[in-house]
Every structure is written in C-alpha cells, then in structure tokens.
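Please read it alongside the sequence and model.

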Amino acid sequence: MTEENNTDADFPEVRDFIRDQIRSDLDDGRGEKVVTRFPPEPNGYLHIGHAKSICLNFGIASEFAGRCNLRFDDTNPAKEDQEFIDAIREDVSWLGFDWDGDVKYASDNFEQLYVWAEHLIEADKAFVDDLTAEEMREYRGTLTEPGKNSPHRDRGVDENLDLFRRMRAGEFEDGARVLRAKIDMASGNINLRDPVLYRIVRASHPRTGDNWCIYPTYDFAHGQTDAIEGVTHSLCTLEFEDHRPLYDWLIENLPVPSYPKQYEYSRLNMTYTVLSKRRLMQLVEEGHVAGWDDPRMPTISGLRRRGVPAASIRDFISRLAISKSEGTVEAAMLEHCIREPLNDSALRRMAVLRPLKVVIENYPEGQTEDVEATNNPRDEAAGTRSVPFSREIYIERDDFMEDPPKKFFRLGPGREVRLRAAYFITCTDVIKDDAGEVVELRCTYDPETRGGDAPDGRKVKGTLHWVSASHAVDAEVRLYSPLFVVENPGATADFLSTLNPASLEVLKDCKLEPELANVAGGQVVQFERLGYFCTDPDGSADTPIFNRTLGLRDSYAKVMAKG
RNA sequence: UGGGGCGUAGCCAAGUGGUAAGGCAACGGGUUUUGAUCCCGUGAUCCCUGGUUCGAUCCCAGGCGCCCCAGCCA
C-alpha cells in the first residue's frame with residue numbers, strides 16, 4: 001500500500017508469528033531494512049489465495065518501512081505465458097499495491113544462476129547425471145527407504161563442467177541430462193536426495209525467448225534470486241517447509257550477496273470453491289466457466305468483474321491472521337467483507353428482476369409524476385433522486401402470493417403494502433392467463449400516502465420496490481451462486497461432479513428504474529431488497545447487463561426454510 | 001523405528017504457568033419506508049492420558065488425529 005506506516009496508536013500493530021520474527025530480527029540488528037517479495041509463477045491467474053500472500057508481503061513491507069518486489073518465478077517456460085504476466089501485474093495493482101522499482105523476474109538472473117551452478121560443480125557439490133527420469137525415481141528410494149547414489153555421482157569436476165557447458169550449448173536432447181546437487185541420498189528429507197538443479201527444456205521463454213535450453217529448477221532459482229534482490233524474509237506456504245534445508249544449503253554453499261531466510265505459513269482455503277491453479281485452469285479450459293475472469297471464479301479478476309471491491313479483499317485477508325495451522329475459511333467471511341463497505345457506499349436503486357405488471361386502476365391514465373427517493377439511508381450526503389411513477393408499474397413476482405401464508409408481509413389479494421418512496425397500494429384483482437398463471441394485478445392506491453406514509457397513521461408490514469412500466473430500462477441481469485454445491489469440492493475424487501448447475505442464472509427481462517442507465521463501469525449499486533450489482537462489460541448502451549455481486553442478507557428466506 | 005508440520009467454540013483465531021481476546025456464522029430481542037442496515041443479548045471441562053507445580057491451554061512424557069514430501073512443477 002502507499003499509505004503511511006502504522007506507527008500511530010490509531011493503527012494497532014498487526015501481530016502474527018512472522019511479524020513477531022521480523023520485529024525480533026530488527027531488534028537484533030539483523031539488517032536494517034525489511035525486504036519481501038511476492039513471487040507468482042506466471043502459469044495462471046491470481047486468486048483469492050494469492051491475495052493472502054500479496055497482502056502479507058506488501059503489508060509487511062509497508063508496516064516496517066521496507067520494500068516489496070513483484071517477482072515472477074518464471075523458470076519453467078513450458079507452462080508460462082505473457083498473458084499471465086500481464087494479468088498478474090494488473091491484479092496486484094488493482095488490489096492497491098505498488099511494487100518496489102521495476103517488476104522483477106527470476107529470469108533476469110539466469111546468467112548469474114548459471115555461473116553459480118558452475119561454482120557448485122567446481123566445489124564438487126553438483127554433478128551432471130545421465131539417469132532417465134524413471135531411473136532417477138528408482139534411485140531416489142521411497143519415503144521410508146533411503147535412496148542410492150547415482151552411478152554418475154562421482155564424475156570428476158572437469159567432466160561435469162564440460163557436460164554442463166554442453167547442456168547449455170544444446171548438445172543434448174531434452175531430458176537427457178540434469179545437473180544435480182550432491183547432498184545426501186539417505187536423507188529422510190527427500191528434497192536433500194541430490195535434488196535436480198537444472199534441466200534441459202526446449203521451450204520458448206516469454207522473457208528470454210530461445211536464449212536458453214536449460215532452466216534452473218524452483219529450488220535453485222528461488223533462494224538465490226531472493227539473495228540477489230536482497231530479500232530478507234522469504235515468505236511462502238507450508239508445502240515448502242521441507243525445502244527450507246535445501247534453500248539454506250544453497251545459500252550457504254554459494255557466494256550470494258545476502259542471506260535471506262524462508263518462513264512458511266498456511267495457505268488459504270475457502271468453502272464452496274477451489275483454489276488450485278490446476279483446477280482453476282481445468283474449469284477455464286474445459287469451458288465450465290466463461291474464462292479466468294468469470295464472476296464465479298475465485299480469481300482476483302473474477303471477483304473484480306463481479307463487483308467485489310479491492311478493499312473488501314484486503315479487509316478479508318486482514319481478518320485471517322497468519323498461522324501455520326491449515327483450515328478452511330467460510331465463504332460467509334468474505335461475503336461479510338463485501339457487504340460491509342458496499343452497505344456504506346452503494347447508491348440505492350430499484351430494479352425488478354422478474355416483473356409482474358400492476359395496474360393502479362384509480363391512478364389517472366397517462367399521468368406521470370416524480371417521487372423523491374433516498375439514495376443511501378446510510379449517507380445523507382448522497383442525497384435523493386427522482387423516480388417516475390405512473391399507472392402501470394412492475395413489481396417482483398416473488399412479492400405477490402395469491403394465497404399467502406401468515407408471515408408473508410408482501411402483496412396478496414386484498415392486502416395493502418407500501419411502494420417504496422411512493423404510495424400504499426391495495427390489491428383488488430388478480431388476472432391470470434389460460435394456464436392459470438398470474439399475469440397482472442389490479443390495485444388501487446391511496447393518494448394520501450404519497451411519499452410512503454399514511455396521514456391517518458395506519459401501518460403496512462411490507463415495502464416493495466417497483467419500476468414504472470413506461471419508463472423502465474430493459475436489462476439482462478446475471479445472478480451468481482457458489483460454483484460448487486459442496487463445501488470442499490477439492491476433496492472430491494472428481495471435483496467437477498460437484499459443480500453447481502445453477503451457479504449462473506441469466507434473467508433477460510429485467511426492468512430498471514431510469515437512473516440505472518447511468519451506472520459507470522466499476523461502480524456497484526444496491527438494487528433495493530435484492531443485493532449489490534455492477535455493470536458487466538458484455539452489456540451495451542441499449543441493453544445493459546448487470547452482475548449480482550452479492551445478495552443482501554435474507555432472513556425471510558430463513559423463515560421460509562423453517563416453514 | 002523416513003522426514004517435516006499442525007491440533008483452543010460451527011469457521012478463522014489471540015493468549016503460552018495464575019485460571020480462555022476478537023471477528024465470522026448461528027440463535028434470541030429492539031429499531032426500521034430495504035424481511036437490509038443499526039442496536040442489545042447468548043457460546044469453550046483449550047485432542048487424549050499421565051507427570052511436574054499451590055496452580056497447566058501454556059512445561060515434561062507417552063498416545064491419538066489431520067496435513068505435506070518419493071516432478072527433470074512451483
């Protein structure tokens with residue numbers, strides 16, 4: 001963030017085991033400045049789980065007056081793409097963070113990493129192996145049995161150097177040889193059983209093109225790149241905990257310019273979605289969603305398109321706390337963080353999603369009047385607006401029941417309700433089509449109730465939203481529900497079988513109050529009684545398309561569910 | 001008898017020797033021209049069993065449960 005550092009008592013310091021560690025490092029005089037980095041691999045779009053890492057790394061840099069790099073971990077050209085680099089940059093910026101200086105890439109250091117690889121060979125701490133992938137797996141042993149040394153492990157330094165240089169020169173086929181660290185094939189930690197440092201991959205790299213045919217592995221690139229960038233605290237998720245001894249081994253055995261330390265915390269899991277790039281990729285590639293930015297996706301771009309404010313994501317992450325215990329956060333937590341700022345800021349508007357025509361029989365034909373409606377009851381400064389009212393209006397089909405139960409506060413035959421900011425109306429007649437479906441309501445209004453209050457003090461239980469038929473703007477509205485029907489789809493053998501078939505509902509015949517024709521892209525408004533909505537780029541000036549960001553809390557639905 | 005982690009309310013968690021913060025959810029109640037918002041209220045023998053101690057969620061020992069690692073992915 002570009003905000004001031006939180007030295008003020010108004011900003012209680014954030015506490016977790018990583019920040020505590022940093023404080024103690026700073027107190028011990030181990031480095032005077034904190035440097036972190038957010039290191040995505042450009043092989044997919046960022047999702048809400050990455051937001052945790054982004055907020056952590058950039059947040060810490062800001063809190064401790066340090067700096068944070070955006071660094072692409074682009075060491076595997078077979079999977080990476082410029083599209084992802086561009087999307088990731090945009091998402092980090094949109095979330096509200098500024099990286100230090102230029103965007104960094106692990107590939108910026110390919111030459112230096114190569115030199116260090118030779119350094120390791122010269123120190124007899126790395127060797128070129130000719131084993132095939134399958135053979136290597138056999139030699140590696142198992143979780144409970146030690147591995148065996150490769151037959152090529154004792155090649156001389158000169159031969160290794162020669163072979164490695166020829167690997168770089170492109171003399172060998174992909175996969176024919178690798179460079180391995182010489183550590184301990186009997187280690188209980190499999191990452192220390194002579195891990196691969198370089199492999200031959202002939203794939204065009206988004207940054208370095210075809211300059212290289214050998215690429216460093218994550219393990220060889222990450223820590224050393226941290227060291228080059230002066231990263232002091234290299235924060236990553238728990239699955240890398242086992243790699244830390246290797247991370248440290250490389251730092252100790254190479255003439256690196258600084259000594260970064262790795263710390264691990266638990267990754268974010270959330271209910272009713274998946275947060276693995278592999279699965280998200282599958283959803284996109286197999287067409288289960290419309291793309292990485294489909295509003296049902298837990299991606300940053302999907303959330304953005306759905307209308308979720310960046311501040312909501314930051315707030316959500318800030319409520320999570322950093323720990324080492326793995327858990328799954330309920331989606332309701334995120335939803336709360338979405339509603340909170342929107343409730344304060346979103347302008348109230350009226351939109352009828354499933355229209356039912358209402359004719360107000362005692363209202364003069366051809367007459368139109370403007371009623372004044374509050375833009376935001378939470379913010380008087382938001383003012384009011386005029387909404388046209390006339391003899392024929394639309395109300396929500398759900399707001400009428402021919403034979404309503406006792407707890408139904410809305411319209412029914414003979415019942416009186418309030419039309420928000422307008423008048424009380426009473427249903428006098430129900431018109432049906434041949435199939436018996438209600439197609440129109442006949443009502444009367446009480447002219448004395450203009451504005452929504454009765455001079456005689458009588459009360460109504462229900463207030464309905466409405467739109468004047470002749471003034472209505474036609475629109476498409478897309479309602480989104482969770483993508484999956486089970487809390488933890490990732491735990492299912494075939495997670496696709498748990499996809500929610502009703503995750504997207506498209507309503508084409510929606511009626512909006514005229515003011516809704518002027519909603520700017522990126523602006524979120526509240527459709528009263530329904531939820532928060534924003535325009536979708538698929539829409540046009542003629543027929544806007546609105547995405548439902550999130551529904552309002554609905555305690556009536558709970559009452560109904562209970563019966 | 002592989003290695004590395006984690007176990008505090010439905011969920012996320014703070015506390016780490018003095019007798020259990022906070023948020024989300026849920027459930028009551030009040031206000032209300034959004035059944036929204038807002039306001040008030042309600043929840044824990046801290047995985048188990050021993051031990052040390054005046055006293056243990058916190059220390060020690062032994063269990064149990066869950067997660068990660070056998071890619072030339074990150």
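The model is predicted. Among the elements that cover the buried residues of helix H8 are helices H4 (110–122) and H7 (218–229). Strands S5 (178–181), S8 (233–237) and S9 (261–265) are also included in that cover.

**Helix H8**
- Helix H8 spans residues 244–253, and its buried residues are Leu246, Tyr247, Trp249, Leu250, Ile251 and Asn253.
- In an α-helix there are 3.6 residues a turn, so residues three or four places apart point the same way.

**Positive surface patch**
- A patch of positive charge on the surface brings together Lys407, Arg553, Lys558 and Lys562.
- Of these residues, Lys562 belongs to helix H13, which covers residues 555–562.
- Lys562 counts as exposed because its relative accessibility is 75%, and the cut-off for exposed is over 50%.

- Most residues other than glycine have a negative phi.
- Ala65 is not a glycine, yet its phi is positive, near 55°.
- Ala65 sits in the loop that links helix H2 (48–63) to strand S2 (67–72).
- With a relative accessibility of 47%, Ala65 counts as partly exposed, since that class lies between the limits of 20% and 50%.
- Asp124 likewise is not a glycine and has a positive phi, about 60°.
- The loop between H4 and strand S4 (126–129) holds Asp124.
- Asp124 is partly exposed, its relative accessible area being 38%.

Note on methods
Residues numbered from 1 in each chain as written. Chains lettered and ligands numbered in written order. Predicted model: local features only at pLDDT ≥ 70, side-chain atom pairs only at ≥ 80, totals over all residues. Heavy atoms only, no water. Patch = residues over 30% accessible without salt bridge, like charges linked within 9 Å, V, L, I, M, F, W, Y side chains within 5 Å. Areas by Shrake-Rupley, 256 points an atom, 1.4 Å probe, with all protein chains shown as cover. Salt bridge = Lys/Arg side-chain N within 4 Å of Asp/Glu carboxyl O. Lys, Arg positive; Asp, Glu negative; His and termini not counted. Charge placed at Lys NZ, Arg CZ, Asp CG, Glu CD. Helix = DSSP H or I, 4+ residues; strand = E, 2+ residues; numbered from the N terminus. Buried < 20%, exposed > 50% of the residue type's maximum accessible area, 1.4 Å probe, protein only. Contact = heavy atoms within 4.5 Å.
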